[in-house]
Amino acid sequence: VYNGTAANQSAPTDDPGWDAVGRIFIGTPDSGAATAIFLGNVGGYGWFLTANHVNLTGATVNMGGGNYTSFDDIAPISGADLKVFRTNTTVSGVSPVVLASGTPAVGSNVTMIGNGRTGAQTTWDIPGNGTWTSPGTDADGYTWATPNVKQWGSNKVLQINHSLGASGMCLATAFDDTDGVGQGSLGDSGGGIFYKNGGDWELAGVMVSVGRVQDGTLYGSDFAGQPGSTSVASITGQPDNKSTTFSVQIANYRPEILAAIP
């Protein structure tokens with residue numbers, strides 16, 4: 001989410017793979033339904049990775065200045081919210097990502113890239129009945145709004161090896177008020193979490209869901225009373241309670257991802 005500025009909408013100076021992150025849309029490009037990541041050209045086809053819950057029926061992938069509309073060999077990855085698919089042509093002018101063979105440690109710096117919602121900064125009151133009202137002074141964050149925008153943000157790994165049910169084994173990042181910090185929103189599904197391993201950028205995670213961290217525990221849902229389509233950056237008196245992004249750990253499923261590409 002971002003607050004109406006054009007910041008972070010082009011590749012960062014230390015680029016983890018900006019061009020390899022594409023937009024999936026159905027209808028118009030501004031719909032920005034989801035995100036896809038380029039794995040490379042093999043066998044005369046371009047291969048991609050996204051979240052398994054992303055709908056590819058009638059979809060277009062925009063990447064490297066080209067639009068791709070025909071998808072085959074769609075292969076869900078067992079035990080995770082991931083799938084591999086291909087186009088019927090190669091993708092030109094884009095370097096593929098490198099799949100991480102290990103998960104970054106807690107506290108590691110990561111860069112998030114996706115096609116999530118835009119938004120506006122918001123504050124809330126949280127009265128005794130638990131119903132959040134805006135404006136207020138008890139909490140702050142963002143409301144989500146269209147259009148979707150490809151953007152990057154920085155973050156740190158909050159937790160790893162979190163089992164998120166059918167989504168698989170995930171790492172988590174948390175939102176806060178610091179300029180440039182990323183948080184997943186609608187449209188970021190399939191987006192990348194990049195980690196610099198030594199001097200090389202690797203794809204360490206794929207964004208699949210959002211939730212919250214509350215009193216040190218991760219949950220796959222919003223805070224009680226939190227309005228829909230919002231992200232919470234801080235709550236007064238509860239500095240560790242905020243929205244989180246869950247990303248499937250690539251290292252756990254790397255063999256299956258590679259096996260899906262003949």
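**Before you click**

This is a predicted model, so keep in mind that local features need pLDDT of at least 70, side-chain atom pairs count only at pLDDT 80 or more, and totals for chains, interfaces and linings use all residues. Residues are numbered from 1 along each chain as its sequence is written, and side-chain values use heavy atoms, with hydrogens and water left out.

**Stop 1: the core**

Select Leu 39, Leu 49, Leu 82, Val 84, Leu 203 and Ile 257. Within the largest nonpolar core, which has 48 residues, these touch the most other members. A nonpolar core here is a set of buried Ala, Val, Leu, Ile, Met, Phe, Trp, Tyr and Cys residues joined through side-chain atoms within 4.5 Å. Buried means under 20% relative accessible area, exposed means over 50%, and partly exposed is in between (1.4 Å probe, protein chains only).

Now centre on Ile 257. Which residues does Ile 257 touch, leaving aside those up to four places away in sequence? Show Leu 39, Leu 49, Ile 77, Leu 82, Val 84, Leu 99 and Ile 250 and you have the list; contact means heavy atoms within 4.5 Å. Then switch to Ala 100, Met 112, Val 157 and Ile 193, which are among the 9 residues of a second, separate core.

**Stop 2: the rings**

Next, the aromatics: a search of the whole structure turns up 6 aromatic pairs. Rings of Phe, Tyr and Trp (its six-membered ring) pair if their centres lie within 6.5 Å; planes under 30 degrees apart count as stacked, over 60 as edge-to-face, and the rest as tilted.

Pick Phe 38 and Phe 48. Their ring centres are 5.6 Å apart and their planes sit at 55 degrees, so this pair is tilted. The two residues are 10 apart, with Phe 38 in strand S2 (residues 34-42) and Phe 48 in strand S3 (residues 45-50), so to speak a link between distant parts of the chain. Strands (E, at least two residues) and helices (H or I, at least four) are DSSP runs, numbered from the N terminus. Phe 38 is buried at a relative accessible area of 0%, and Phe 48 is buried at 0% too.

Move on to Trp 124 and Trp 132. Here the centres are 5.4 Å apart and the planes are at 65 degrees, so the pair is edge-to-face. Both Trp 124 and Trp 132 are buried.

Two arginines are worth a click as well. The charged end of Arg 86 sits over the ring of Tyr 45, 3.7 Å from its centre, and that of Arg 212 sits over the ring of Phe 223, 5.8 Å from its centre. A charge sits over a ring if NZ of Lys or CZ of Arg is within 6 Å of the ring centre and within 35 degrees of the ring normal.

**Stop 3: cis prolines**

Zoom to Ser 134 and Pro 135, which are joined by a cis peptide bond with omega about 0 degrees. Pro 135 lies in the loop between strand S9 (117-124) and strand S10 (139-148). Another cis bond joins Thr 146 to Pro 147, with omega about 5 degrees, and Pro 147 is in strand S10.

**Stop 4: two buried prolines**

Select Pro 104, in the loop between strand S7 (83-87) and strand S8 (109-114). Buried or exposed? Pro 104 is buried, at 2% relative accessible area. Leaving out residues up to four places away in sequence, Pro 104 touches Val 157, Ile 160, Leu 171, Tyr 195 and Ala 204.

Then find Pro 16 in the segment before strand S1 (21-25).

**Stop 5: positive phi**

Finish at Asp 215, a residue other than glycine with a positive phi near 55 degrees. Asp 215 is in the loop between S14 and strand S15 (217-219) and is exposed at 64%.
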